[in-house]
Amino acid sequence: MADSVVTQLTLDLIQLVRGAERIQFIGKAAELGVPDRLRRQLRSFSRRRRMIAVQGLALFDDALSREALLDTLGDRDDEIRLAAALALGRGDNRPGLDELVARLGLRDHRSSLLTVTLFRHYAKEAPDEVQALVLDTDLPLSVRLAAIEAQAVSGDYRLVPAIVELGLRAPDDSEELPRYLHALGRIGHPAARDAVLAGLASNSMPARVAAAGAAGRIALLESADQLAGLLDAPEWWVRFRSAEALLQLGDTGIVRLREAAASGGELAREAAAAMLAERGLAP
Amino acid sequence: MISAPDWLFRAAEIVTLFVIACGLIQILFYIVQLLFAALALHRRPAHASTSALWDRFGDIAPSIAIVAPAYNEEVTIIESVEALLALHYPDFEVIVVNDGSKDATLQTLIDHYSMRPVARYHDRALAHQPIRGLYAAPARPRLFLVDKQNGGKADAMNAGINVARTPLVCVIDADTLLEPDALMRAVRPFIDDPARTVAVGGTIRIANGCRVEGGRVVEARLPRNFFALMQVVEYLRAFLMARLGLSEMQTLLIISGAFGLFRRNSVIDVGGFSADTVGEDMELVVKLHRRMRDLKRPYRIVYIPEPVSWTEAPETAAILGNQRARWQRGSLETFRAHKDMFLNPRYGRIGLVGFGQVWIVDVIGPIVEVAGYLLVPPLWMLGLISFDYVRSRR
């Protein structure tokens with residue numbers, strides 16, 4: 001059987017299994033020389049073949065493969081560099097995040113959602129490095145937002161004051177304000193109060209949607225009146241998220257929804273009645 | 001050769017030169033497309049297994065609502081819905097829109113899945129025929145059914161998009177057979193470039209002759225029917241050359257109605273699918289281009305070369321003729337509705353290359369081609385075709 005077929009077949013089999021079986025398959029693949037072939041494949045002219053090699057090497061946690069992946073951070077293709085970074089980020093001996101950001105060219109390039117995955121690997125073991133990215137104002141906004149999102153998923157509360165500050169300072173119509181509010185909702189810490197209440201009063205539709213979502217997740221009872229007011233907003237998403245948030249507030253929110261369903265404006269009446277009916281809470 | 005006045009010779013020469021020029025421009029377009037398609041194929045991502053895709057995107061993949069319009073599908077609807085519900089994707093919902101079917105499509109679904117009427121607060125941004133009822137299946141939480149008055153496919157898709165609550169919506173035809181990992185593959189551009197990607201299309205292949213079980217193509221085979229066989233070649237050319245090349249040039253003007261993944265907000269911003277045209281799929285993509293260009297926002301409308309779905313091709317001349325007449329009409333209607341974009345510098349490459357191609361291939365292409373054949377006898381009679389030259393070249 002041709003070497004390339006053995007390599008591809010082995011990689012496919014490894015992807016199919018988990019746990020002890022996967023470890024066994026990886027051991028067998030190493031005995032068959034698969035990592036050596038993948039390392040050679042990294043020098044291919046074809047972008048596809050290099051990408052397959054990087055994704056394959058991610059499965060082998062040996063020094064030579066790691067060395068090869070580190071070299072690949074200098075590849076001419078940005079997606080291959082990102083794939084190599086993701087592979088390295090999963091391992092135990094990961095390079096510094098600052099070094100990765102520099103070598104990936106994230107300071108100059110567009111950002112993929114995969115950067116969130118990359119930062120998540122670091123958020124658990126090296127949260128300080130992710131926090132440093134969030135606070136580095138020289139970085140593109142997309143990279144800082146990806147770092148915030150990764151930190152939010154990890155549930156690390158230490159960044160909350162910094163994100164609240166960023167949220168309060170962000171211009172009303174900016175792209176980043178909803179993302180800050182979304183991250184605050186994801187973390188779900190009550191210290192986000194000021195930014196969330198300010199977000200609910202924003203003129204920006206995405207910001208109000210994100211703020212309503214955050215108010216519900218944090219169960220911010222103080223926001224009930226503002227949320228009830230937003231049930232009459234012209235935008236459907238604002239009305240929907242506000243009604244959803246009111247339901248998340250429990251009795252306080254349900255009372256507001258029932259009031260809106262009975263005596264609110266036309267849009268508020270429809271939103272409140274439909275959401276109550278949807279959850280089986282219609283009077 | 002017959003004798004004729006000079007002006008007739010002059011007119012015949014002009015018409016002939018026009019026909020030849022159109023043909024050459026078309027060929028030039030195709031060569032450029034081929035080069036860009038080759039570039040795109042060279043740069044395409046490595047084909048990954050479903051489990052590898054899940055490993056990579058599973059935790060960041062945005063949620064998707066699949067909108068499946070159904071009209072008189074009582075025989076196949078359960079099989080189709082089962083196949084949709086079994087797709088490999090972390091977070092998705094199937095919204096079946098019963099577009100006022102005259103058969104028992106609605107009751108078949110209700111009975112099979114024990115569906116119950118429910119309330120669901122939904123958007124009303126897109127216009128469509130009134131909704132008669134909304135149904136959910138307690139045992140199948142991913143499934144949702146919209147029953148509405150008949151209004152056509154575009155109308156049904158608008159209703160489904162209104163009811164959807166996800167950032168992405170996938171619109172398909174009722175008879176589309178999806179690959180199990182179609183969503184995982186099609187979502188990739190939204191992951192790679194989330195800020196700019198607004199729509200993604202994928203390769204559609206012909207299901208005639210294939211072995212289909214449970215709404216899935218389990219073995220790809222060539223059709224035995226001649227018309228379907230020719231369309232296999234045609235589809236490969238259309239998707240792997242034309243659409244791939246146009247996507248690489250960022251001038252893709254159509255995402256097939258059989259499978260398209262769209263950012264929901266962008267579709268709503270342009271008013272959804274137009275119910276007054278038979279080319280609603282092309283028209284939607286053109287509206288997306290127009291809006292993003294008008295707003296001067298960077299954006300991408302992308303085609304991925306991986307096969308994502310299968311469709312039944314017409315097997316008789318009459319049905320094929322009807323389908324092609326509908327496609328042609330759709331192109332012409334879209335061109336007419338957006339003719340101000342044609343060669344308009346404000347719309348950049350869309351106006352120049354995208355609409356240029358539609359004009360040369362779809363608008364005047366058929367006329368020129370037929371004229372080319374019809375002109376051969378009169379041109380020969382005028383002595384403007386040299387058969388001696390043709391013979392000497394052999």
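Modeller: Start with a cut-off: a residue counts as buried under 20% relative accessible area. By that rule, 52% of the 394 residues of chain B count as buried. Keep in mind that this is a predicted model.

Biologist: Why is the pair A:Trp237 and A:Phe240 called edge-to-face?

Modeller: Two rings pair if their centres lie within 6.5 Å, and planes over 60 degrees apart count as edge-to-face. Here the centres are 5.9 Å apart and the planes stand at 65°, so the pair is edge-to-face. Both residues are buried. They also belong to one aromatic cluster with A:Trp236 and B:Tyr121.

Biologist: What makes A:Trp237 and A:Phe240 about one helical turn apart?

Modeller: Both lie in helix α16 of chain A, residues 236–248. They are 3 residues apart there, so about one helical turn separates them.

Biologist: What makes the charged end of B:Arg120 sit over the ring of B:Phe144?

Modeller: CZ of Arg must be within 6 Å of the ring centre and within 35 degrees of the ring normal. The charged end of B:Arg120 is 4.3 Å from the centre of the B:Phe144 ring and sits over that ring. In chain A, the charged end of A:Arg94 sits over the ring of A:Tyr122, 5.3 Å from its centre.

Note on methods
Residues numbered from 1 in each chain as written. Chains lettered and ligands numbered in written order. Predicted model: local features only at pLDDT ≥ 70, side-chain atom pairs only at ≥ 80, totals over all residues. Heavy atoms only, no water. Phe/Tyr/Trp six-rings, centres within 6.5 Å; stacked < 30°, edge-to-face > 60°. Helix = DSSP H or I, 4+ residues; strand = E, 2+ residues; numbered from the N terminus. Buried < 20%, exposed > 50% of the residue type's maximum accessible area, 1.4 Å probe, protein only.
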